[in-house]
Amino acid sequence: MKKSTILVVEDESIVAHDIQNMLLSLNYDVVGVTTRAKEAVNIAKKKNPSLVLMDIMLQGTSGGVKAADVIYKKHNIPVVYLTSYTDETTLQLAKETAPFGYLLKPFEERELQTTIEIALYKFKMEQELKKREQWLFTMLESIADGVIATDDKGNTTFMNPKAESLTGWKQMDALNSPLEKIFLVRDEKSGKRFNRLLQPVLEAKETDVFSEAILISKNGNKTPIEFRIAPIKQEENRISGTILAFSNISRRKIAEEKLIESWEKQKRTMQGTMDAMAFTIEKRDPYTAGHQHRVTKLAVAIAERFGFTKDRIEGLKMAGELHDIGKIYIPAEILSKPGNITDVEFNIIKTHPKVGYDILKSIEFPWPIQEFVLQHHERMDGSGYPDGLKGNDIHLEARILAVADVIEAMVSHRPYRPALPIQQAIDEIKHNQGILYDKKVVDACLDILMNGNFTFD
Ligand SMILES: [Fe+2]
C-alpha cells in the first residue's frame, strides 16, 4: 500500500522533531517540516501531501488557522490541528475552518496514528460524497427534464434549470414555496386544475403519481407535459420529501395530432372508395339496392349487443357495406332474373364471396375485411361456401353478417318472389340456430327483432 505523506507545521523544533520521528516509526512519509505558515502553504501546494499536521499558534499568532484554511479550501488537503492551547477563542477560530481532527500536545504515538487515520478516512469519504454530489448536480443541470424537489411539507427545495425555464420560476424565488404555487397544472381535457398533487404520494408512501397535463408558467405560457412524482423514502419508510420530474411533450403531441389527422384523411379516402364500390354494385343490381346497407344496420345492432369496440364496429360496417361486391362479376341477367334459377346459375352466384375477396385483397384495411367478405356465406356446420368452414374457424364478424344477410334477404322483395313476413325469417334462424347460424348471434338477433324497435329503414 502506498504510504501516506504528511507535512508537519510546528514552531517548537523539539516537538517538531519528536513528531517527525513518531511519523517515521508509524511508517508515514514526512514530506516536510516547517515552522512558518506561509512556507507551509507553499510546501503543501508543491508536494501535495495526504495530510497536514498544523500547530494552531505559530510564533504567538493564529497564523496556523489561516494557513490551514488555505491548504484545505484551495489545495484540498485535510488538516489536523496540533494545540496546547485550550482557550475558547482559539478553539472557536479553529472550528470554523472545519479541521479533520485535533491533537492536544503532548500526545502518544498511538493517539497520533489514530487521529491521522480517522482524518484520512473522513477526507476520503468527503471526497466521494463531493464526487457524487457533483455528478448528481451535473446530471440534474443537463437533463432535458424539469426536476423539482420538495420537503415532506411539499415546499420547494430544489429546481433544475429546465424546471426554471418551463415554470418561469427561478429557484431562488421558489425556495420554500409550496409546490402547487410553482408547478401549476391543469387537466388537458377538462381544463380543471390539479390540486393537492403531493397528497397521494405523501400519504400512500408507496405509489407515485403519473399524468399528462398542461403546465401554466408564471407568465401564463401553456406547455403540454408529462409528469411523475415519487416519494423520497428514508429509513423505516419515512417520507422526507418528493421528487417531481416533468417533460415537455409538445413535439410528441404535434406528431400525434398529425398522425391522427393523416389517419382520418386516409380513412375518409378509403371510405370514399368503398362508398363508390358499393354504389357501383347497387346501381348494376337494383334488386339488391340498399341490401348491403340494411344488412350492415342489423349486423351493427348485433355487434353492439356483443359489446364490440367502436373500432371493431367500424371494420364490421365496412365489411357489411361491401359484402356483396363480388356480384359485380355476375351477369346482370342472372341477378335480376325473375323466377327460379338453374344450378349452373346458382354456381355462378356462389362465386361472389371469392370474387369479392379477390377485389379487396390488395387493399390494406386495418381489419381483415377481405376475410369477412369471403366468409359471409359460410355456415356453422360446414355446409356453406366457398370453403365449407365450420364454427369458430369463421370470423365472428362473418357469422354476424351471415345472420343479418339471411334476415334482410328474406324480408326484402326479390325478382323471383315477394317479400316474406318477418316471422318467417325469425323462424328460419331459430330453426337453424347452432346448425347453420351461430347460437349467440341468433340470440342477439332475435332479441333485437322481437324486443327492440329495430327497423331496416
Ligand atoms: Fe352475399
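Ile334 sits in helix H13, which covers residues 332–335. The model is a predicted one. Begin with the surroundings of this residue. Is Ile334 buried, exposed or partly exposed? Within 10 Å of Ile334 there are 16 other C-beta atoms. Burial needs 20 or more, and exposure needs 12 or fewer. Ile334 is therefore partly exposed. Which residues does Ile334 touch, once those up to four places away in sequence are set aside? The answer is Ile341, Glu345, Ile348 and Ile349. Glu345 also gives a distance: it lies eleven residues from Ile334 along the chain, and the two C-alpha atoms are 6.7 Å apart.

Now step back to the whole chain. The protein is divided into three parts: domain 1 spans 5–140, domain 2 spans 143–248, and domain 3 spans 255–451. How far apart are the C-alpha centres of domain 2 and domain 3? The separation is 54 Å.

Turn next to the parallel sheet. It is open, has five strands, and runs in the order S2-S1-S3-S4-S5. Which strands stand at the edges? They are S2 (29–34) and S5 (101–104). Each has a single partner strand, so one side of each lacks a neighbour in the sheet. From one strand to the next, the twist averages 20°. Look at one pair inside this order. Strand S3 (residues 51–55) and strand S4 (residues 79–83) run parallel and are joined by four bridges. Asp55 finds its bridge partner in Leu82 of S4.

Helix H1 (residues 13–25) touches strand S1 (5–9), S2 and S3. The direction of H1 makes about 175° with that of S2. Helix H2 (residues 37–47) also packs on the sheet, in contact with S1, S2 and S3. For H2, the angle to the direction of S2 is about 155°.

Start with strand S6 (residues 146–151) and strand S7 (residues 156–159), which are antiparallel and share three bridges. Across this pair, Ala149 faces Phe158 of S7. The two strands form a hairpin, with four residues between them. In its turn, Gly154 has a positive phi of about 85°.

S6 has another partner. Strand S11 (residues 239–248) runs antiparallel to S6, and six bridges join the two. Here Val147 stands opposite Ala245 of S11. S11 in turn pairs with S10. How many bridges join S10 to S11? There are nine, and the strands run antiparallel. Phe227 lies opposite Phe246 of S11. S10 and S11 make a hairpin too, with five residues between the strands. Glu236, in the turn, has a positive phi of about 55°.

Stay with S10, which covers residues 222–233 and holds Ile225. Is Ile225 buried or exposed? It has 22 C-beta neighbours inside 10 Å, and so counts as buried. Beyond its neighbours within four places in sequence, Ile225 contacts Ala213, Leu215, Phe246, Ser247, Asn248 and Ile249. Between Ile225 and Arg186 the C-alpha distance is 10 Å, and 39 residues separate them in sequence.

The tour ends with packed helices. Two packed helices are described by the angle between their axes and the distance between the axes. Take helix H10 (residues 250–284) and helix H12 (residues 310–322). Their axes are 9 Å apart, at an angle of about 30°. That angle is under 35 degrees, so H10 is roughly parallel to H12. Met274, Met277 and Ala278 of H10 meet Met318, Glu321 and Leu322 of H12.

The other pair is helix H17 (residues 396–411) with helix H19 (residues 439–451). Their axes lie 9 Å apart, and the packing angle is about 45°. H17 and H19 are therefore oblique to each other. The crossing of H17 past H19 is right-handed. Which residues make the contact? H17 supplies Arg399, Ile400, Val403 and Ile407, while H19 supplies Val441, Val442 and Cys445.

Note on methods
Residues are numbered from 1 along each chain as its sequence is written. This is a predicted model: local features need pLDDT of at least 70, side-chain atom pairs count only at pLDDT 80 or more; totals for chains, interfaces and linings use all residues. Domain bounds come from an automatic or database domain assignment. Two strands pair if DSSP finds at least two bridges between them. Two residues are in contact if their C-beta atoms, placed from the backbone, lie within 7 Å. Axes are lines fitted to C-alpha atoms, for helices over the stretch in contact, and angles run from 0 to 180 degrees between N-to-C directions. Angles under 35 degrees count as roughly parallel, over 145 as roughly antiparallel, 65 to 115 as roughly perpendicular and the rest as oblique. A crossing is left-handed if the near helix is turned anticlockwise from the far one by less than a right angle, and right-handed if clockwise.
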